[in-house]
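Colleague: Could we go through the salt bridges in this model together? Please show me the structure to begin with.

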Amino acid sequence: MKDLKHMIFFEKVLESAHNDLVRQAREKDGKIAIGYTCFHIPEAILNLPGCFSVRLRAPFMGSTDIATYYLASSSCEFSRALLERGIEGGYRFLDAIAGVDICECMNRCYENMELLGCVGEGNDKFFLSYIDVPGKDEEISVDHVTEQLQRKLLKPLHVNYGIDISDQALRKAVEDHNEICDLITEIGNFRKLDPAPITGAEFHKICLATYVCPQYLIKDKLKETLEEIRTRAADEKKFRARLVIVGGEIDDPEMIELCEESGALIVADRFCYGSIPGRQRIELNDREDALSQIVRINIRQTSCPRYITDNKILYRQEEAKQLAKDYHADGIIYEQMKFCTYWSYERTLQSHVLAEEYGIPTLSIDRPYRAGASGQLKTRVQAFVESLEIKQIKARAAKREAQHVQ
């Protein structure tokens, strides 16, 4: 397919947390940068007038030897990579970090960043929040998280930086958030076509770019890209299978490229840093305050295994099944980061349920933070794609035989 006009622009944004657009927003536009890592912090409230969100990553991370000393070799590679990059000075530009008290590995990552002076040095207004998130999706959880966000995040933003945290400002932030979500959703919907005029790797780079820089600075590029894809000619039969990826954190486009080099078009992405649920709209009403609604919708939309109630477990199963159906997928890759406690249990359970009870071919994998160079992982994806092809061949043969008998 013809190269997308702005793809090099999106790729450049992904090269560093302190990218050119972040610099522009802070140094020229006078906005404050708020780092975060988790969907449990509603992204929209970090993009109030005067500030912008930066979802933290460690692109091109190599050794994590120093971070492993401060954490442990059994900590997930994501937390170690972020701490390593923080020790290198990669996050000194941040004016605040919106953390969540949800994952032991990430808590210790934040804690060590503070203790080692990796963030906030020379900025007496800097703060780091630890928002407590319950494990149930009950109304009392909504009240609890709303109070936490108000006291530990919004109030310090107002007191320290003068940010407008009014209901009107929150609603405007949600309106801007929804505009980005609509653009990403519409671009992603083209993957339902066969052949599709956009690859999964291209989509992931575009989607990921909206997480790591001020969204108002790339909105025009997203609109132009959407119009470009509308008339883009797709390659005929380039891929041998269509797959959905489900699971934990993926901020590495090389992981998606690895799958697609193995013959599998990634047609939907329900993982942390992906478009589902991160790029779903937030619909507000006028009967209740905006923050409570944002929290309730965030809890309802999340697919995080932190929520352990029966209804949320079933929700995650049904959601994966529905995505495979909506995007005409041949199978599902269920993945997790190595040593991730939450997703390791979830992957073991759900990959079994999807394959044995729902009848959806499912590849279950754990992977390193930087997966692009993993020959073992590529071999497993290739073998999975070949098994799907064999299944399709047998199904066509059985259909022809049935027709011949009739």
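Modeller: E43 is buried, at 7% relative accessible area, where buried means under 20% relative accessible area, exposed over 50% and partly exposed in between (1.4 Å probe, protein chains only). This is a predicted model, in which local features need pLDDT of at least 70 and side-chain atom pairs count only at pLDDT 80 or more, while totals for chains, interfaces and linings use all residues. Residues are numbered from 1 along each chain as its sequence is written, and side-chain values use heavy atoms, with hydrogens and water left out.

Colleague: Which residue forms a salt bridge with E43?

Modeller: The partner is R279, with the closest N and O atoms 2.6 Å apart; a salt bridge here is a side-chain nitrogen of Lys or Arg within 4 Å of a carboxyl oxygen of Asp or Glu. E43 sits in the loop between β1 (32-36) and β2 (51-55), and R279, 236 residues apart from it, in the loop between β6 (264-271) and α11 (290-301). Helices (H or I, at least four residues) and strands (E, at least two) are DSSP runs, numbered from the N terminus.

Colleague: Is R279 buried or exposed?

Modeller: R279 is buried, at 1% relative accessibility.

Colleague: Turning to D182, which residue does its side chain meet in a salt bridge?

Modeller: D182 meets R281, at 2.6 Å from N to O. Because D182 lies in helix α7 (residues 167-189) and R281 in the loop between β6 and α11, the pair ties together parts 99 residues apart in sequence. D182 is partly exposed, at 34% relative accessibility.

Colleague: How many salt bridges are there by this rule?

Modeller: The count comes to 32.
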